[in-house]
Structures are given as structure tokens and as C-alpha cells.
Amino acid sequence: MYKKLVETIKGIIDIQNVSEERKTILQPLIDFVQQKANSGADINLNFICTHNSRRSHLAQIWAQVASAYFNIPSVHCYSGGTEETALFPKVAETLTNQGFTIFKIAETDNPVYALKYSDNALPVIGFSKKYDSPFNPASAFVSIMTCSQADGGCPFIAGAEKRIPITFEDPKISDGSPEQAQVYAERSLQIATEMFYVFSMIKS
């Protein structure tokens with residue numbers, strides 16, 4: 001993994017940063033991943049938010065990195081929304097500052113990004129899409145609801161084996177304010193910390 005990213009990771013892997021309340025919320029995801037790992041099955045995680053522009057992307061990329069860091073095989077992370085918009089540019093900027101290499105591979109109203117955490121690992125492809133996009137798995141996945149609006153407004157996710165609400169406060173509340181960069185960085189690190197906690201608990 002890239003040196004700067006490793007430095008970011010070293011700052012977040014202390015699981016004491018995860019409260020007991022959040023550990024309880026994260027436990028169903030740990031159980032799902034562990035069950036799949038025990039059976040040798042693919043572990044398909046689809047992180048879902050309303051607009052697939054911020055939190056779901058952050059969770060997708062950090063979960064993929066955490067699975068690689070802890071050498072958990074066959075983990076495939078996706079994201080989607082209840083509607084399609086665009087990956088918010090501040091998300092890509094925040095992840096770049098935290099050590100990722102990111103570049104656009106398609107420049108449209110809904111740009112497509114390649115997000116790399118290592119020179120030799122497949123990039124995570126980031127763009128806004130609906131949760132049932134053909135880009136995402138159609139079955140044998142867990143849907144992880146990263147915002148309460150999507151969780152409440154989307155009661156049924158076709159093809160999902162399980163549905164787990166793990167919601168985060170939207171960094172969008174800081175858009176246009178002097179605190180924007182700090183809020184996005186903090187939300188990214190919170191999500192990273194929790195995804196690293198999840199994968200640190202998986203026994204091979």
C-alpha cells in the first residue's frame with residue numbers, strides 16, 4: 001500500500017476508537033463476513049445511501065482497503081444509491097489527502113474515478129449509480145445502509161441476503177462552510193476506523 005495511506009491506517013487501527021454502541025451496530029456485519037469467510041464464499045458488500053455521492057463511497061473504499069490490509073480473501077465492495085447523482089469531488093480530494101491515488105477515467109456529469117490504494121491492486125471504480133445497477137451484484141450480497149434516509153425509504157433490496165443499517169452523519173452538512181475539509185476528513189476517518197475494526201475481528 002502507498003506510504004502515506006499506511007501512515008493514515010496506523011492512526012486508525014486502534015479499535016478503542018470504536019465505542020461499545022458502535023461495536024454493537026457493527027457486529028451483524030462482522031458476523032456476515034465471518035460466516036462467508038468460514039464457508040470460503042465470496043464476500044459481496046454493497047454500501048447503500050440515498051445519492052451514492054459521499055458516505056457509501058467512503059465505506060466502499062475503506063472496507064476494500066481493510067479487507068486487503070487484514071488479508072481477508074474474496075471481498076468485493078460495491079456502492080449504490082436509491083438514486084444516481086455523482087461522486088462528490090470533495091470525497092475524492094479527501095481520500096487523496098489520506099493517501100489514495102485517484103484519477104478520472106471518464107469525464108461526464110457523473111464522472112468515473114479509479115481509486116488506487118496500492119500499485120499492484122485492482123483500483124476501486126467510483127461513480128454514482130443506483131444500488132441495483134448492473135455494475136453491482138444481483139444476488140448473494142449484504143446491503144449495508146449508510147444513511148437513515150435510504151434505510152427508511154428503501155424497505156426492500158432485491159437480491160440481498162441480509163440488510164444491515166450502519167448509518168453515518170452526512171458530511172454534506174458542512175458544504176460551503178470553513179469547516180468542510182475538516183468534516184469530510186473526520187467522517188472519512190470514522191468510517192475507516194469502523195471498517196478496520198470489522199475486518200480486524202475476522203478470524204481466518
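Residues are numbered from 1 along each chain as its sequence is written, and side-chain values use heavy atoms, with hydrogens and water left out. Because the model is predicted, local features need pLDDT of at least 70 and side-chain atom pairs count only at pLDDT 80 or more, whereas totals for chains, interfaces and linings use all residues.

**The crossing of α4 and α6**

Helix α4 spans residues 89-97 and helix α6 spans residues 180-200; helices here are DSSP runs (H or I, at least four residues) and strands likewise (E, at least two), numbered from the N terminus. The axes of α4 and α6 come within 10 Å and cross at roughly 70°, where axes are lines fitted to C-alpha atoms over the stretch in contact and angles run from 0 to 180 degrees between N-to-C directions. The two helices are therefore roughly perpendicular to each other, a term for angles of 65 to 115 degrees. The crossing is right-handed, that is, the near helix is turned clockwise from the far one by less than a right angle. On the α4 side the contact (heavy atoms within 4.5 Å) is made by Lys-90, Val-91, Thr-94 and Leu-95, and on the α6 side by Gln-180, Ala-181, Tyr-184, Ala-185 and Ser-188.

**The cavity and the pocket**

On a 1 Å grid over the protein atoms alone, a cavity is a set of points where a 1.4 Å probe fits but cannot get out, a pocket is an open set with protein on both sides within 12 Å along at least five of seven lines, and lining residues have an atom within 4 Å of a point. Grid points are joined across faces, edges and corners, and a volume is the space filled by probe spheres set on the points. A search of the whole structure finds one cavity of 30 Å³ or more.

| Space | Volume | Largest share of lining |
|---|---|---|
| Largest cavity | About 40 Å³ | α3, three residues |
| Largest pocket | About 220 Å³ | β2, four residues |

The largest cavity is lined by His-57, Gln-60, Ile-61, Leu-87, Val-91, Leu-95, Leu-115 and Val-124, with α3 (55-69) and α4 each supplying at least two residues. Among the residues lining the largest pocket are Gln-60, Gln-64, Tyr-78, Tyr-117, Val-124 and Phe-135, and α3, β2 (75-81) and β5 (124-126) each supply at least two residues of that lining.

Terms used: Parallel < 35°, antiparallel > 145°, perpendicular 65-115°, else oblique.
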